[in-house]
Amino acid sequence: MTKTTKGLKKSTGFPLSLNRKKESVSSIVSFFAGAGFLDLGFEMSGFNITFVNEIHEPFLGMYKYSRNILGLPSPIHGCHLGNVAEFCVDQKSKNRLTQVVRQERKKGNLVGFIGGSPCPDFSVGGKNRGRNGDKGKLSMIYVDMICSQNPDFFVFENVEGLWRTEKHRKFFLEMKQKIHSHKYITTHRLLNSMEYGVPQDRNRIFMVGFKKNLIKDMKLIKNIDENEINEDFFSWEKYKIFNKKRVLLMPWLKTSPFKEDSVIECPDGIALDLTVENWFQRNEVINHPNSIHHFKPRQGLKRFETVDEGDDSKKSFKRLHRWRYSPTACYGNNEVHLHPYKKRRISVSEALSIQSLPKEFTLPEEETLTNMFKAIGNGVPFLMSQAIARSIKDFLSENIL
């Protein structure tokens with residue numbers, strides 16, 4: 001362990017269910033739910049999670065397990081295990097979703113769809129098949145479902161490659177145009193998780209949309225485009241804690257020679273809240289139930305000893321630096337993240353802390369390591385999702401009829 005822990009924030013130590021706001025401005029239907037990081041951010045901001053869809057059974061098992069551990073209620077309309085396309089092509093599944101939306105509206109609730117479709121086909125490090133890939137097609141299917149079910153608002157999340165890569169951006173704009181044709185107004189932004197206090201450099205594109213007929217004052221729409229929300233009315237900035245450009249200019253330590261259980265003093269002038277070590281301490285990762293869950297190196301694997309602390313220059317075998325933020329949490333496709341001062345990979349509890357989950361969030365010990373790390377890497381960082389949920393809540397309370 002390191003010696004320098006002075007000034008590190010402690011976890012709030014709450015049971016999350018007790019800190020959840022009592023009122024709920026709307027009901028959430030979640031797609032591509034994974035282990036539930038995005039959902040948790042919305043739930044802790046006062047939304048109700050009412051129906052959940054996930055295709056991978058182990059992920060859905062983790063979703064249910066973590067909610068039980070946190071003392072959160074099961075979605076009132078249940079969980080659906082299956083491909084999201086079923087809600088567009090299978091009449092029984094489509095009717096079920098329609099009934100969910102209808103029943104929540106009868107209660108007087110607004111209904112929101114949230115989801116981040118699988119991203120390998122748009123990722124720079126992926127197969128780059130785009131809209132024609134098996135995973136890429138799911139993005140348009142999600143959009144088609146929004147257009148057919150007409151939720152009051154929605155959230156769409158994906159990797160930055162969908163926006164930065166020219167051919168993928170055309171597809172993104174095509175999806176957006178289709179949504180506009182179904183009488184939605186939208187706003188989108190490329191965001192970095194560090195800006196919300198997450199100890200991780202992770203860029204993601206988000207699009208948020210609202211039905212036009214719910215808006216009480218259409219002056220909030222930009223004059224140049226009748227489908228775009230004016231930034232004065234929907235704030236992507238309000239709940240940001242850090243400015244990414246300023247963060248990158250801080251005097252971060254680059255690399256340090258690796259030595260097991262070494263001591264390195266925290267440098268001055270950095271954002272302590274964004275460091276790996278801060279979150280390891282904050283979440284008490286060594287005492288967490290998932291602290292024992294990490295891949296064991298083969299005996300004599302020298303590579304675990306030769307990579308410098310903070311050397312993340314290669315695709316695989318990146319060693320985190322205790323006094324710096326982590327690269328994007330991505331633990332599949334042979335990408336290996338090493339512990340800063342231990343001769344091993346990071347544990348599940350450490351990976352959860354890098355995704356800014358509260359220390360109470362736990363995954364089932366009987367699940368495979370592969371599934372646990374894949375679910376963690378796929379998830380939207382908790383603090384990031386919570387901030388976006390709060391911005392949506394503000395907009396709804398101020399601008400909806």
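Here is a short exchange about the predicted model shown above.

Modeller: This is a predicted model, where local features need pLDDT of at least 70, side-chain atom pairs count only at pLDDT 80 or more, and totals for chains, interfaces and linings use all residues. Residues are numbered from 1 along each chain as its sequence is written, and side-chain values use heavy atoms, with hydrogens and water left out.

Colleague: How many helices and strands does the protein chain have?
Modeller: Helices (H or I, at least four residues) and strands (E, at least two) are DSSP runs, numbered from the N terminus. For the protein chain, that gives 14 helices and 11 strands.

Colleague: What percentage of the residues in the protein chain is buried?
Modeller: Buried means under 20% relative accessible area, exposed over 50%, partly exposed in between (1.4 Å probe, protein chains only). The protein chain has 401 residues, and the buried share is 56%.

Colleague: Why is S5 largely enclosed by the rest of the structure?
Modeller: Look at its burial. S5 is largely enclosed because its buried residues number 7 of the 7.

Colleague: Which residue of S8 stands opposite Phe156?
Modeller: Two strands pair if DSSP finds at least two bridges between them. S5 pairs with S4 in the parallel sense over 4 bridges. S5 pairs with S8 in the antiparallel sense over 7 bridges. Opposite Phe156 stands Met207.

Colleague: Is Pro267 buried or exposed?
Modeller: Pro267 is in the loop between helix H9 (244-248) and helix H10 (276-282). Its contacts beyond four places in sequence are Pro251, Leu253 and Trp323. Its relative accessible area is 18%, so Pro267 is buried.

Colleague: How far apart in space are Pro267 and Trp323?
Modeller: In sequence, Pro267 and Trp323 are 56 residues apart. In space, C-alpha to C-alpha, the distance is 7.7 Å.

Key. Contact means heavy atoms within 4.5 Å.
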